Amino acid sequence: VAQETRGADIRSAKAMLPHCMAGLAPDAQDMAGGRCAGIMATLSFVSRVLPDNLKFCHPSAATPELMLQVITSFVEANPDAGAQDFRLVALAAMRQKWPCQE
């Protein structure tokens, strides 16, 4: 039962953040950390072509470490976000930090 609970919980922002940090290490072996890096890279790649209510325009110099810092700060400032799906929280955090100036 613990394994099932852990599997369901791993999608939450609170559960993913430690894996994200572990995944940034040069010798990272953390599979969930790799998933986190993939999520951030994908969001970064599609950021400008998302619908207007979802898009964000981060600076080209935004590193994965900076993106993770933005997401972590967002979760700390919005405790309810910790239980939400990491992908949605990451998107909301980056949209808040880097809105597009049209």
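Helices α4 (64–77) and α5 (residues 86–97) pack at an angle of about 100°, with 9 Å between their axes. That makes α4 roughly perpendicular to α5, a label used for angles of 65 to 115 degrees, while under 35 counts as roughly parallel, over 145 as roughly antiparallel and the rest as oblique. The axes are lines fitted to C-alpha atoms, for helices over the stretch in contact, and the angles run from 0 to 180 degrees between N-to-C directions. The helices themselves are DSSP runs (H or I, at least four residues; strands are E, at least two), numbered from the N terminus.

A word on what you are looking at: this is a predicted model, in which local features need pLDDT of at least 70 and side-chain atom pairs count only at pLDDT 80 or more, whereas totals for chains, interfaces and linings use all residues. Residues are numbered from 1 along each chain as its sequence is written, and side-chain values use heavy atoms, with hydrogens and water left out.

Back to the pair. From α4, Met67, Val70, Ile71, Phe74 and Val75 meet Phe86, Val89, Ala90, Ala92, Ala93, Met94, Gln96 and Lys97 of α5, where contact means heavy atoms within 4.5 Å. By class, eleven of these residues are nonpolar, one is polar and one is charged; Ala, Val, Leu, Ile, Met, Phe, Trp, Tyr, Cys and Pro count as nonpolar, Asp, Glu, Lys and Arg as charged, and the others, Gly among them, as polar.

Now let us follow α5 to another partner. Helix α3 (residues 31–46) packs with α5 at about 45°, their axes 11 Å apart, and that makes α3 oblique to α5. On the α3 side the contact is made by Arg35, Cys36, Ile39 and Leu43, and on the α5 side by Phe86, Arg87, Ala90, Leu91 and Met94. Seven of these residues are nonpolar, none is polar and two are charged.

What does the largest nonpolar core hold? It has 26 residues, and those with the most contacts inside it are Met16, Leu43, Ile71, Phe86, Val89, Met94 and Trp98. Such a core is a set of buried Ala, Val, Leu, Ile, Met, Phe, Trp, Tyr and Cys residues joined through side-chain atoms within 4.5 Å. Two or more residues come from each of α2 (13–23), α3, α4 and α5. Leaving aside neighbours within four places in sequence, Ile71 is in contact with Leu17, Met40, Phe86, Val89, Ala90 and Ala93.

Finally, the whole chain: five helices and zero strands.

Key:
Buried means under 20% relative accessible area, exposed over 50%, partly exposed in between (1.4 Å probe, protein chains only).
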